[in-house]
Amino acid sequence: MNEAERWVEFGVYLRQQRDKVGLSRREAAKRSKVPESTWKDLESGAKTSCGGVRVLPNPGADVLEKMAQVLELTPEELTRHVGRPTRTKSASSGAARNNASPLAQKVARLGERDRRLIEAMVDQMLELD
């Protein structure tokens, strides 16, 4: 099973858990303070971004924790079903950034969603060569 299929599977699980507690997507978003669009992206297993590129989700641990609370799950229970490990900041990331190119330093300051978008666009540009 590839990563995209695991995210689709996670989306099905997420929807089942939301239905189990009797919440609409809008109500789950409101209670968790996680945007409804994020719930939709995660439940579908992908999102369409700039230029119609399909991007796999990559929610942060804080988002999963908020969602787990609303779904009456522990964060660990929810994380076990995630399509890929979520990224966490390492203690050495600051030191590594000092040796990076100026572009890499700028990209590192972006939010997770923007970094994924840039990565998808660069991947698409490289495929055109």
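In the predicted model, Trp7, Val8, Phe10, Gly11, Val12, Leu14, Arg15 and Arg18 of helix α1 meet Trp39, Leu42, Glu43 and Ser44 of helix α3, where contact means heavy atoms within 4.5 Å. Sorted by class, this contact of α1 with α3 comprises seven nonpolar, two polar and three charged residues; here Ala, Val, Leu, Ile, Met, Phe, Trp, Tyr, Cys and Pro count as nonpolar, Asp, Glu, Lys and Arg as charged, and the others, Gly among them, as polar. Residues are numbered from 1 along each chain as its sequence is written. Because the model is predicted, local features need pLDDT of at least 70 and side-chain atom pairs count only at pLDDT 80 or more, while totals for chains, interfaces and linings use all residues, and side-chain values use heavy atoms, with hydrogens and water left out.

Two packed helices are described by the angle between their axes and the distance between the axes. For α1 and α3 the angle is about 120° and the axes are 6 Å apart, the axes being lines fitted to C-alpha atoms, for helices over the stretch in contact, with angles that run from 0 to 180 degrees between N-to-C directions. Helix α1 is therefore oblique to α3, given that angles under 35 degrees count as roughly parallel, over 145 as roughly antiparallel, 65 to 115 as roughly perpendicular and the rest as oblique.

Helix α1 itself has 18 residues and reaches 25 Å from its first C-alpha to its last, close to the 26 Å expected at 1.5 Å a residue, the expected span being 1.5 Å times one less than the number of residues. Within α1, the residues Trp7, Phe10, Gly11, Tyr13, Leu14, Gln17 and Arg18 are buried (buried means under 20% relative accessible area, exposed over 50%, partly exposed in between, with a 1.4 Å probe and protein chains only). The cover over these buried residues of α1 includes α2 (25-32), α3, α4 (61-70) and α5 (75-79).

Side chains of opposite charge can pair when their charged atoms come close. A search of the whole structure finds six salt bridges, a salt bridge being a side-chain nitrogen of Lys or Arg within 4 Å of a carboxyl oxygen of Asp or Glu. Arg15 and Asp19 form one of them, at 3.4 Å from N to O, and both lie in α1 (residues 3-20), four residues apart, about one turn of the helix. Arg15 is partly exposed, with a relative accessible area of 40%, and Asp19 is also partly exposed, at 41%. Asp19 is joined to Arg18 as well, at 4.0 Å from N to O, and Arg18 in turn meets Glu43 in a salt bridge of 2.6 Å, N to O. Since Arg18 lies in α1 and Glu43 in α3 (residues 36-44), this pair ties together parts that are 25 residues apart in sequence. Arg18 is buried, with a relative accessible area of 4%, and Glu43 counts as buried at 11%. Arg15, Arg18, Asp19, Arg25 and Glu43 are linked in a network of salt bridges.

The protein as a whole has eight helices and two strands, which are DSSP runs (H or I, at least four residues, for helices; E, at least two, for strands) numbered from the N terminus. Buried residues make up 30% of its 129 residues.
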